[in-house]
Amino acid sequence: MDAIAAFDLTKQYNHKLALQGINFQVPEGRAAACIGDEGSGKTTLVRLLAGLRRPTAGECSVMGLSPAFESARLHGIMGTVLHSARLYANMSIADNLRFFAGMQGVTRDETVERLSFLLHRLDIWDERDKHPKELPTGVLLRAGLARAVIHRPRVLVMDDQGAGMDMETAQRVRELLDYLVQEEGVTLLFCSQNMNYAQNICSSFALLHQGILLARGNFESLRIGGGVRLKAALRLAKGQAAPAGFRLEEGIWTREIQSEAEMPKLISGVVEQGLQLYEAKVMRPELEEIYRAYLAGGRRREESYLESPRTSSTQPNPSPQAG
């Protein structure tokens with residue numbers, strides 16, 4: 001079952017299209033990311049899924065519910081993290097969580113257990129009696145996540161929490177999200193412009209740019225579709241001659257390859273040249289590099305275009321979504 005689905009989802013503000021005909025699905029129990037630069041439409045997407053805005057055209061659903069028309073039912077099974085969703089300033093962190101748990105009908109005993117678990121897991125237990133104005137940004141981000149999942153939602157939608165987090169907060173947030181997906185079966189949609197952080201959390205990705213869905217799929221299908229190749233990396237003894245086809249980058253000899261299957265032959269060739277090899281590995285690109293390749297058109301699509309002059313579309317075709 002798809003926990004989140006969008007069909008030709010479009011949102012226009014005045015005369016500007018924030019989202020244009022978006023189509024994607026997130027299977028139940030999976031962690032997916034929607035990535036893109038600022039202004040790509042990520043926040044608009046989160047607001048539509050949370051029922052805070054209505055689409056101009058198309059539709060979306062969360063666990064089979066329409067955010068636009070069934071928002072009350074939806075909020076009982078969904079958690080949302082938005083920059084605009086603030087904790088109450090005149091209440092402590094613990095009191096905020098108790099309040100939001102009560103709003104969702106969580107019993108007192110369940111609230112005590114859940115509150116303790118979340119604050120310890122996020123390492124902010126010692127700050128539980130402090131008010132938001134007394135806390136640094138990292139603690140507030142963690143408390144905001146705790147607020148969103150205090151009622152054990154089945155779906156969690158987050159907006160751009162990977163941007164600007166300190167290292168400790170980023171680690172704690174990632175650990176909790178991994179737990180929620182793996183142990184509680186939560187479906188996660190993580191919307192962020194911090195692409196490499198999202199890469200460490202999610203298994204499938206939707207690439208947004210100025211409201212347009214460029215492509216979607218798992219990491220490998222997007223890498224191939226964007227024409228971004230792997231690299232073979234060799235560390236040789238100092239003073240060794242250049243291996244055939246390799247170039248030196250920061251002390252490491254590198255060469256683009258189509259797949260890992262090329263490595264044994266490359267290593268054999270280096271050994272046959274009489275070179276002293278210390279280490280050989282495959283270097284994989286990061287998600288941001290793949291995203292930039294799609295913005296640039298992708299080397300693979302460019303080659304295809306040159307081979308077929310009648311091809312008129314330069315828009316990347318969506319890759320199949322990871323199942």
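Strands, like helices, are runs assigned by DSSP and numbered from the N terminus, a strand having at least two residues. In this predicted model, Arg 216 lies in strand S9, which spans residues 212-218. Arg 216 is buried but takes part in no salt bridge. The nearest side chain of opposite charge belongs to Asp 2, at a distance of 8.2 Å. The side chain of Arg 216 does reach the backbone oxygen of Asn 23, at 3.5 Å.

Elsewhere, the count of salt bridges comes to 18. One of them joins Glu 70 and Arg 73, with the closest N and O atoms 3.1 Å apart. Glu 70 is partly exposed, at 24% relative accessibility, whereas Arg 73 is exposed, at 56%. A salt bridge is also formed by Arg 172 and Asp 123, whose closest N and O atoms are 3.6 Å apart. This pair links distant parts of the chain, 49 residues apart: Arg 172 is in helix H6 (residues 167-184) and Asp 123 in the loop between H4 and H5.

Arg 142 belongs to helix H5 and Glu 168 to helix H6, so the bridge ties together parts that are 26 residues apart in sequence. Arg 142 has 5% relative accessibility and, because buried means under 20%, counts as buried. Glu 168, at 40%, counts as partly exposed. Salt bridges with shared partners also join Glu 220, Arg 223, Glu 260 and Arg 284 into one network.

Helix packing was examined for H3 (residues 93-103) with H4 (residues 108-121) and with H5 (residues 137-149). The axes of H3 and H4 are 10 Å apart, and the helices pack at an angle of about 130°; they are therefore oblique to each other.

Positive phi values occur at two residues that are not glycines, Asp 8 at about 50° and Glu 250 at about 55°. Asp 8 lies in strand S1 (residues 2-13) and is partly exposed, with a relative accessible area of 47%. Glu 250 is found in the loop between strands S11 (247-249) and S12 (252-257) and is exposed, with a relative accessible area of 83%.

Methods:
Residues are numbered from 1 along each chain as its sequence is written. This is a predicted model: local features need pLDDT of at least 70, side-chain atom pairs count only at pLDDT 80 or more; totals for chains, interfaces and linings use all residues. Side-chain values use heavy atoms; hydrogens and water are left out. Helices (H or I, at least four residues) and strands (E, at least two) are DSSP runs, numbered from the N terminus. Buried means under 20% relative accessible area, exposed over 50%, partly exposed in between (1.4 Å probe, protein chains only). Lys and Arg count as positive and Asp and Glu as negative; His and the chain ends are not counted. A salt bridge is a side-chain nitrogen of Lys or Arg within 4 Å of a carboxyl oxygen of Asp or Glu. A polar contact is a pair of N or O atoms within 3.5 Å; within protein, one must be able to donate a hydrogen and the other to accept it, and residues adjacent in sequence count only if both atoms are side-chain atoms. Axes are lines fitted to C-alpha atoms, for helices over the stretch in contact, and angles run from 0 to 180 degrees between N-to-C directions. Angles under 35 degrees count as roughly parallel, over 145 as roughly antiparallel, 65 to 115 as roughly perpendicular and the rest as oblique.
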